[in-house]
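Please look at the model below with some care.

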Amino acid sequence: MSALAPFKALVHQRCGLHLEGLAEARLLRAVASLQAFTGLADNTQLLKQLTSDTVLFDHFVSQLTVNETYFCREPDALNWLVSTYLPERLAARGPPLSIFSAGCSSGEEPYSVAMMLFERFGERAKSLFTLTGGDLDHQILAKARQAIYGGMAFRALSPDFKARYFSPFQGRFKLHESLRQWVTFCPFNLLNAHESHPGGPFDVILFRNVSIYFDPQTRRRIHHQLSQLLAPNGILLCGVTETLGNDLGVFELVEDQGIFYFRRAEQSAAVPTAPLEPPMLAMRAKADDSSDIRESARETLGLASSTDLAPDAPLAQTADSEQADSTADQLHTAHQLLNQNAFNEAATLLEALLKQQPWSIDTLVLAGLVARWQQKPHVAYDYFKRAIYVAPECWPAHFYLAELYRQGELTDEPLQRKQRYAAVVRLLTTAPTSSGGLDTIVPPLPPGDARFLAERYLEADSTTLASPHLSQGVS
């Protein structure tokens, strides 16, 4: 047994933190620091004291988390929260509404929400909303209460916001007192929500960029804890890259305007059973024969005569591989239909595929392109955003989102457009031949061309990222 195993077990039992892989290095440093602090070299004695001394344990845990955060992280979700969800919630049930940042670290997240609410509602915001941050780390909470920050915390905040809400203080910057006093902080253990007494019930719980520390079983336990803190019809908002990893059955996943969030699943609803899928016909259509392609698409969509179907069901052991082959064939067919301007047939085929696999990157990107050519830019936007939620490295989705703005298909948002092009450049600089998460189809644009075009558009665009608009920062 590893010498670190008892420490891992204790931390996991009390806090749920999963200290494997790269986290072991932090644990090793924390144990060495604990030995130096206590003068105990024997791990058995050290563990005994750690178990019985709450203050010592809190000091130990504070060294095990990264606490990497900054203002206005993932601004799209925060903009939706402040501009869409909270106003609708206010109209439905009235003030005050309560917002809780679970795992708030040094306070940048709840303070970001405070600034954005103040922008929208003015001084009145303080009577409309309560803001609370909770974290396991007592030392980081002390930093949050001070509200004094250095340069890296501002890397996604516009200079305009920084000037409006912060003042220079001893070589750093301090949040204005009125906002600092508005946000309250409390110790909070995600595994023992009720013992932590954070307040509530909450209309919104932000559980963003925290779940990386927990294994799926612990995350499910945390979800049950958080569900007890949610007000009726309240929502749980996770980080963009964590959405699928938090779809564990405790909450229902919902999408609105390209933003995904969770709400409490209906208690009375039975757990749905996946319906049996009809056997799919394998398709080997030639790319240069549009009539064969269209006929194959009709067959795949169940429009062929029932007498054409093979009477025998596939063997259980080959069903999965046959379905995977069939899905790949259908994707290629949809791609060919798109290239031949058969947009309606392609859209119908892709819609059927998405019912089977709603998070398929290939299907979402193709569906977005088809919707764009059908002159349905808002539908295309939703498909591309979903693709990015599933695979943040999906540079084709970033590129075509930017194109929707640049080509005037959507009302231009210069900041969003530049963010998407910048993401393309960043991703393809790191991995020049990346497929962008596409498994079956080739990228609709060669990666080298996409990077060249994105760089060109960025150079030609004189709009600065430092915009005073609410959609600030680079996610």
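A charge is said to sit over a ring if NZ of Lys or CZ of Arg is within 6 Å of the ring centre and within 35 degrees of the ring normal. The model is predicted, so local features need pLDDT of at least 70 and side-chain atom pairs count only at pLDDT 80 or more, while totals for chains, interfaces and linings use all residues. Residues are numbered from 1 along each chain as its sequence is written, and side-chain values use heavy atoms, with hydrogens and water left out.

Q: What makes Arg120 a residue that lies over the face of Phe121?
A: Arg120 is at 5.7 Å from the ring centre of Phe121, and the limit for such a charge is within 6 Å. Lys162 likewise lies over the face of Phe173, at 3.9 Å from the ring centre, and Phe173 also belongs to one aromatic cluster with Phe71, Tyr111, Tyr149, Phe154, Phe166 and Phe185.

Q: Why is the aromatic pair of Phe260 and Trp359 called tilted?
A: Rings of Phe, Tyr and Trp (its six-membered ring) pair if their centres lie within 6.5 Å, and planes under 30 degrees apart count as stacked, over 60 as edge-to-face and the rest as tilted. The structure holds 22 aromatic pairs; in this one the centres are 5.3 Å apart and the planes form an angle of 55°, so the pair counts as tilted. The two residues are 99 residues apart in the chain, with Phe260 in strand E10 and Trp359 in the loop between helix H15 and helix H16 (helices, H or I with at least four residues, and strands, E with at least two, are DSSP runs numbered from the N terminus).

Q: Why is Phe260 called buried, and why is Trp359 called partly exposed?
A: Buried means under 20% relative accessible area, exposed over 50% and partly exposed in between, with a 1.4 Å probe and protein chains only. Phe260 has 5% and is therefore buried, whereas Trp359 has 25% and is therefore partly exposed.

Q: What makes the pair of Phe343 and Trp373 stacked?
A: The angle between the planes is 5°, with 6.3 Å from centre to centre, so the pair counts as stacked. Phe343 in helix H15 and Trp373 in helix H16 are 30 residues apart; Phe343 is buried because its relative accessible area is 17%, and Trp373 is exposed because its value is 57%.

Q: How do you know that helix H19 is mostly covered?
A: Of the 17 residues of H19, 12 are buried, among them Leu415, Tyr421 and Val424.
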